[in-house]
Amino acid sequence: MRTNKTYKGIVIKVTSTHIVLMCDGGLFKNAPRTSSEIPKIGQPYVYTEKGWSSLSGLHYIAMASILFLSIIGYTIFSPSMKEESYLIAIDINPSIEIFADEKLSIIDIKALNKDGQKIIESINPKIKKLDQIVKEIVEQSVKQNYLSKTEKGAVVISVIPLKENASNFENSIQDVVKASLEINKVQAEVNVSSETKRVLEKAKQVNLSINKYLLYEDLKNKGIDLNIDVFRNQSIVQIKKIREALLKKKYRLEPTTEENLESPLENKSKQTQTNPAQKETSKTKESTTNHSTTKAEGRKKSGVSKNQQDKKKGEEEDIETVEEEEKETEEESEEPEADEDLEQEENEEKERDEKPGQGANEEELADDSEKEEPEDNEKDELEEQQEDEGK
Amino acid sequence: MQEDMLATLIADATSGNDLAREKIIRHYQPYIINTVGRTSGRFLTWSDEEASIGLLAFNRAIDTYKPSGGRTFLSYTYLLINRDLIDYFRKEKKEGNNLLLVAQEKDTSANLIDVKKSMESYQQDTETTDLIEEILEFSEVLKQFDIEFEDLEKYTPKHRDTRERLIEMANTLLNYSDLIEEFSRKKRLPVKAFLNKTSYSLKTIERNRNYLVTIIVLRLHPEWRHLSEYIQIPAGSGSL
């Protein structure tokens, strides 16, 4: 690259080889003189210095390569440089976060758990539009049995605008999901809501997907403090069931709607109630897994405990659990009134096991145990799992 | 050279004072050689014949110059030198000095391009007389400090901000009249005294000594209006 530097000044002397110029800012310059050129002293003179700039060839190569690299880098990473405008968090059990730009094109997809990873791996990577990808996720969830045709599942979606003046499209997403579910003949509760960035950050802090975090917060606000690990490991539909069961228990509400009567809701109450017994059994049979708990506690409990382990045990058992829960559903939903009876029975049973002779405080105790036991339960199971692994 | 001073010198010279004549000639030397060179179309040294013709013409100019004639001394000398040289070239041509002729012809082709330029510059002549005078004086003063114009380039700092800092430094020095007095009297920069009064580093001053001298000389002659324009500095220039 040639640089032409111009010196504008007046001639103050002409020598045999040079024209001495005085330029602005106190600059003196010797301009080379051609043989025929004799400028007059005091005459204005413009000298254009032609020459290579101070940069050597090596510098140019370096600069060119940096430029080249930056262009390459730009083209490679430009998709991720698109600004993320929306975060769409989907929880079925597979928890997936989708980052989209303003035009709802997909920028990034993240799985928040193993199931989510499986789903993402099965998704056609060419899909770039948000509605298509939501549809695909629902379809894949059905295919991989995360959404069962026989059991009512739940699809919870949160839309978090990451930038200001974002438009709302929750309804359209809800429609997409519903349509997709209908096509696949799957029944599921669809819940699409819009959340703020702040909630998202909080959820990230406790390492939960935002939808689970919302449920967690909801329960907390209602005075039910569950261990966060429960949320981490359970699928959203299970958490919902637990939640409703707990709520029902807390307020001692008579089940009025059909939804409330659904037996899987009882899962949680059973789980909490059976815990002490389970605790005992696990202590006596230290090396055994949950599966080997006594038959008296029954398959319901094993179903529950399996649920809690589903992260480790994987898909197969999950299905099993679902099936078992189904059976329960069938059994118990036939007689809605039996719910309360069963619950009370079990309460009594538990208390008899744990603290015989204190039947008077039944209800209070039941409440107390709910608040504390999930943690114990988790701990025990963790211990058990560790032992299992140790083996 | 200031008009009144020049006038007295010329008066002295015409009345037989050779020292005054010599002073005038020495002062206008650069201009004479430049003019001769321009007219001849090639660079000349004092050993060239044209240069001595120019010098002779200049000498005659001193004797014949009349300030009342409406011309500046410079333009008058230019006229005489130019005329004498053209006469000389004609004579050479008549005598058939082929060698010179060839040189002349070669030069005219190059000169043709510059005809317009020189015409313009001639028109400016009267306007630039002052400037030429300033430059000549500047040159003379710098010679007292052993600084030649052609060496100024290598004394000039390359970076603009360095230059500005040095001009500022010169301005600072100008604030001390005792230093200036010493500077003018001894014809050298009073470095030690200056360092005692300011916080500048010796290294900076030593390295740029000649440039500093140049700037101070320029600053000491605010009557050189044209030249002073070239060392304008935004702040602190009003220190004189």
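Which residue forms a salt bridge with A:K13? I looked it up: B:E150 does, with the closest N and O atoms 2.9 Å apart. For the cut-off, I took a side-chain nitrogen of Lys or Arg within 4 Å of a carboxyl oxygen of Asp or Glu. Between chain A and chain B I count three salt bridges.

Housekeeping: this is a predicted model, where local features need pLDDT of at least 70 and side-chain atom pairs count only at pLDDT 80 or more, while totals for chains, interfaces and linings use all residues. Residues are numbered from 1 along each chain as its sequence is written, chains are lettered from A in the order in which they are written, and side-chain values use heavy atoms, with hydrogens and water left out.

Next, the A/B interface. I find 29 residues from chain A and 34 residues from chain B in contact (heavy atoms within 4.5 Å). The two chains bury about 2,800 Å² between them, 61% of it on carbon and sulfur atoms; that is accessible area (1.4 Å probe) lost on being put together, summed over both parts. On chain A's share, I note that A:F28, A:K40 and A:I41 supply 26%, more than any other three residues.

The axes of α1 (residues 3-14) and α2 (residues 18-40) of chain B come within 7 Å and cross at roughly 130 degrees. I took axes as lines fitted to C-alpha atoms over the stretch in contact, with angles from 0 to 180 degrees between N-to-C directions. So α1(B) is oblique to α2(B), as angles under 35 degrees are roughly parallel, over 145 roughly antiparallel, 65 to 115 roughly perpendicular and the rest oblique. Among the residues making this contact are B:L6 and B:L9 of α1(B) and B:I24 and B:Y28 of α2(B).

Definitions and conventions. Helix = DSSP H or I, 4+ residues; strand = E, 2+ residues; numbered from the N terminus.
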